[in-house]
Amino acid sequence: KNLEWSVSLEQPVQYYCPCNKEHFANALKLLGKNELETMQEGVSPICLYCSRQYDFSAEDITAIIRSL
């Protein structure tokens with residue numbers, strides 16, 4: 001098919017992942033107290049999109065449990 005087209009806007013393409021430690025902390029809260037208590041030694045989830053690792057210490061997990 002002879003479709004005509006034209007470029008209306010050009011801009012650089014860049015990869016951006018909006019993940020951060022706060023987002024992961026909120027996701028951990030969804031697991032609930034019982035599941036979080038099994039992670040008392042800490043946990044290091046990895047973002048499936050950008051592969052960034054976020055380390056949560058035992059103290060971090062305790063603080064998350066207290067915030068529930």
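I began at arginine 52 and set aside its neighbours within four places in sequence; the residues still in contact with arginine 52 are Cys19, Pro45, Ile46 and Cys47. Contact here means heavy atoms within 4.5 Å.

Before going on, I noted that this is a predicted model, in which local features need pLDDT of at least 70 and side-chain atom pairs count only at pLDDT 80 or more, while totals for chains, interfaces and linings use all residues. Residues are numbered from 1 along each chain as its sequence is written, and side-chain values use heavy atoms, with hydrogens and water left out.

**Entry 1: the loop**

I looked up where arginine 52 sits, and found it in the loop between α2 and α3. The labels follow DSSP runs, numbered from the N terminus: helices are H or I with at least four residues, and strands are E with at least two. Arginine 52 counts as partly exposed because its relative accessibility is 44%.

With 57% relative accessibility, serine 51 counts as exposed.

**Entry 2: how α1 and α3 meet**

Next I turned to a pair of helices. Two packed helices are described by the angle between their axes and the distance between the axes. Helix α1 covers residues 21–29 and helix α3 covers residues 58–67; their axes come within 10 Å and cross at roughly 60°. The axes are lines fitted to C-alpha atoms, for helices over the stretch in contact, and the angles run from 0 to 180 degrees between N-to-C directions.

Parallel, perpendicular or oblique? I found that α1 and α3 are oblique to each other. Under 35 degrees counts as roughly parallel, over 145 as roughly antiparallel, 65 to 115 as roughly perpendicular, and the rest as oblique. The crossing of α1 and α3 is right-handed. That word applies if the near helix is turned clockwise from the far one by less than a right angle, and left-handed if anticlockwise.

Which residues do the meeting? From α1 I listed Lys21, Ala25, Leu28 and Lys29, and from α3 Asp60, Ile61, Ile64 and Ser67. The residues of this contact divide into 4 nonpolar, 1 polar and 3 charged. In this sorting, Ala, Val, Leu, Ile, Met, Phe, Trp, Tyr, Cys and Pro are nonpolar, Asp, Glu, Lys and Arg are charged, and the others, Gly among them, are polar.

I compared asparagine 26 with isoleucine 64: 38 residues apart in sequence, they are 8.6 Å apart in space, C-alpha to C-alpha.

**Entry 3: the salt bridges**

How many salt bridges does the structure hold? I found 2. The rule is a side-chain nitrogen of Lys or Arg within 4 Å of a carboxyl oxygen of Asp or Glu.

One of them joins the side chains of aspartate 60 and lysine 21, at 3.4 Å from N to O. Aspartate 60 is in helix α3 and lysine 21 in helix α1, so this pair ties together parts that are 39 residues apart in sequence. Aspartate 60 is partly exposed at 27% relative accessibility, and lysine 21 is partly exposed at 35%.

In another, the side chains of lysine 33 and glutamate 37 meet at 4.0 Å, N to O. Lysine 33 and glutamate 37 are separated by about one helical turn, because they are 4 residues apart in helix α2. I noted 48% for lysine 33, which is partly exposed, and 39% for glutamate 37, also partly exposed.

Finally, I checked glutamate 37 against tyrosine 16: 21 residues apart in sequence, they are 33 Å apart in space, C-alpha to C-alpha.

Note on methods. Buried < 20%, exposed > 50% of the residue type's maximum accessible area, 1.4 Å probe, protein only.
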